[in-house]
Each structure stands twice: as structure tokens, then as C-alpha cells.
Amino acid sequence: MTTQVANNVNVEIAEALKTILANQFVLYTKARNYHWNVTGGHFFRLHELFEKLYDELADDIDEVAERIRAVGDYAPGTLSEFLKLSNISEKENYYPEAEEMVRTFTNDYEQTTNRILESAAKIQNEYKDEVTAGLLYGLAQKYQKNIWMLKSLMNN
Ligand SMILES: [Fe+2]
């Protein structure tokens with residue numbers, strides 16, 4: 001297992017991780033938003049579910065940011081950078097029905113997971129950094145499980 005990678009490759013790994021971190025941060029904020037603003041018959045279930053999701057994301061954000069440090073770069077830590085780096089969109093002053101919240105969150109989550117999987121494969125195959133790839137595959141496994149739960153919730 002490779003634990004050290006060449007310096008020129010570290011930059012590419014850090015850049016991939018920064019986009020993932022930004023997506024996680026926007027998702028984290030969206031989970032907070034939905035936790036606060038969800039309404040309707042499934043209020044308690046969804047209020048708690050979004051709390052579980054943002055708690056988990058808070059831990060994951062820390063893992064990814066600290067991995068950026070471990071590969072030798074600085075971790076972005078401002079909201080303006082996260083918004084620039086992220087490919088997850090937000091809508092201001094918009095409070096959709098519960099069903100749309102779950103659907104939107106699921107789509108964003110899938111987009112983030114796909115990005116994580118693409119980066120993990122590249123980091124493993126091209127840059128031979130098994131540690132970063134392992135971290136990303138672990139995140140993808142967890143997010144795929146959450147996506148399955150969110151989709152199951154939409155089918156009831
Ligand atoms: Fe709360």
C-alpha cells in the first residue's frame with residue numbers, strides 16, 4: 001500500500017479533494033437548511049434524518065480537509081471558496097415541499113458520490129495513492145447507503 005506520493009502528483013490529489021470538500025460543505029448546509037425548514041406530515045422523521053445527514057457530513061468534511069493537509073496543501077475554509085469550487089447548486093429564499101427536499105438532496109448526494117468515485121479511481125490508478133482512494137471509497141460506500149435510504153423514503 002502506498003502511503004507517500006510524489007510531490008507533483010499531490011497537487012492533483014489536493015485539487016480533486018478540494019472539489020469534494022466543497023460539495024460536502026454545500027450539502028452540509030443544505031441538510032441544515034432542510035432540517036430547519038422542512039414541513040408536512042413527515043416532519044419529525046425528515047427533521048431527524050437531515051440532522052443525521054449533516055452530523056455525518058460534518059465528520060466527513062473534517063476527514064477530507066485533513067487529508068488535503070496530509071498531502072501537503074492548505075484546505076479551503078471559506079464559504080466563498082466552497083461555492084466557487086462546488087458543482088452543487090443552491091436556491092436562495094426557497095423552501096420547497098418535503099418531497100422536493102428529499103429529491104433534491106438525493107440528486108445532489110448522487111452527484112457528489114459520482115464525483116467521489118471518479119476521483120477515487122483516478123487517484124488509485126494514476127496517482128497510486130491508496131490511502132486517499134481508500135478514504136474516498138469509504139465515503140462513497142456510506143453515501144450510497146444513505147442514497148438508498150432516501151430513495152426508499154420517496155417510494156412510500
Ligand atoms: Fe436542530
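Predicted model: local features only at pLDDT ≥ 70, side-chain atom pairs only at ≥ 80, totals over all residues.
Which helix gives the largest share of the lining of the largest pocket?

1. **The pocket and who lines it.** The answer is H1, which supplies five residues to the lining of the largest pocket. Helix H1 covers 7–37, and helix H4 (98–125) also gives two or more residues to that lining. The volume of the largest pocket comes to about 310 Å³. Its lining has 16 residues, and those nearest the centre are Lys-30, Asn-33, Tyr-34, Glu-90 and Lys-91.

2. **What sort of lining it is.** Sorted by class, you get six charged residues, six polar ones and four nonpolar ones around the largest pocket.

3. As for the surface, Phe-43 is partly exposed, with a relative accessible area of 26%, while Phe-44 is exposed, at 63%.

4. Now look at Tyr-109 and Tyr-143, whose ring centres lie 5.0 Å apart with planes at 45°, so the pair is tilted. Tyr-109 belongs to helix H4 and Tyr-143 to helix H5 (residues 130–154), so the pair ties together parts that are 34 residues apart in sequence. Are these two tyrosines buried or exposed? Both Tyr-109 and Tyr-143 are buried. They also belong to one aromatic cluster with Tyr-34, Phe-50 and Phe-105.

5. **Charges sitting over rings.** Find Arg-32 next: its charged end sits over the ring of Tyr-54, 3.8 Å from the ring centre. Lys-91 does something like this too, lying over the face of Tyr-94 at 4.7 Å from the ring centre.

6. Side chains of opposite charge can pair when their charged atoms come close. The structure holds eight salt bridges. One of them joins Glu-15 and Lys-18, at 3.2 Å from N to O. Both residues are in helix H1, three residues apart, which is about one turn of the helix. Glu-15 is partly exposed at 37% relative accessibility, whereas Lys-18 counts as buried at 13%.

7. **A salt bridge across the chain.** Which residue does Arg-67 form a salt bridge with? The partner is Asp-129, and the closest N and O atoms are 3.3 Å apart. This pair links distant parts of the chain, since Arg-67 is in helix H2 (residues 43–70) and Asp-129 is in the loop between H4 and H5, 62 residues apart. Arg-67 is buried, with a relative accessible area of 15%, and Asp-129 is buried as well, at 0%.

8. Arg-103 is partly exposed at 39% relative accessibility, and Glu-99 counts as exposed at 58%. Elsewhere, salt bridges that share partners join Glu-15, Lys-18 and Asp-73 into one network.

9. **Two residues with positive phi.** Finish with a look at the backbone. Asn-93 is not a glycine, but it has a positive phi of about 55°. Asn-93 is in the loop between helix H3 (79–85) and H4, and Asn-93 is exposed, with a relative accessible area of 71%. Lys-128, also a residue other than glycine, has a positive phi near 55°. You'll find Lys-128 in the loop between H4 and H5, where Lys-128 is partly exposed, with a relative accessible area of 47%.

Technical notes: Residues numbered from 1 in each chain as written. Heavy atoms only, no water. 1 Å grid on protein atoms, 1.4 Å probe; cavity = no way out; pocket = protein on both sides within 12 Å on 5 of 7 lines; lining within 4 Å. Points joined across faces, edges and corners; volume = space filled by probe spheres on them. Helix = DSSP H or I, 4+ residues; strand = E, 2+ residues; numbered from the N terminus. Nonpolar A, V, L, I, M, F, W, Y, C, P; charged D, E, K, R; others polar. Buried < 20%, exposed > 50% of the residue type's maximum accessible area, 1.4 Å probe, protein only. Phe/Tyr/Trp six-rings, centres within 6.5 Å; stacked < 30°, edge-to-face > 60°. Lys NZ or Arg CZ within 6 Å of the ring centre and 35° of its normal. Salt bridge = Lys/Arg side-chain N within 4 Å of Asp/Glu carboxyl O.
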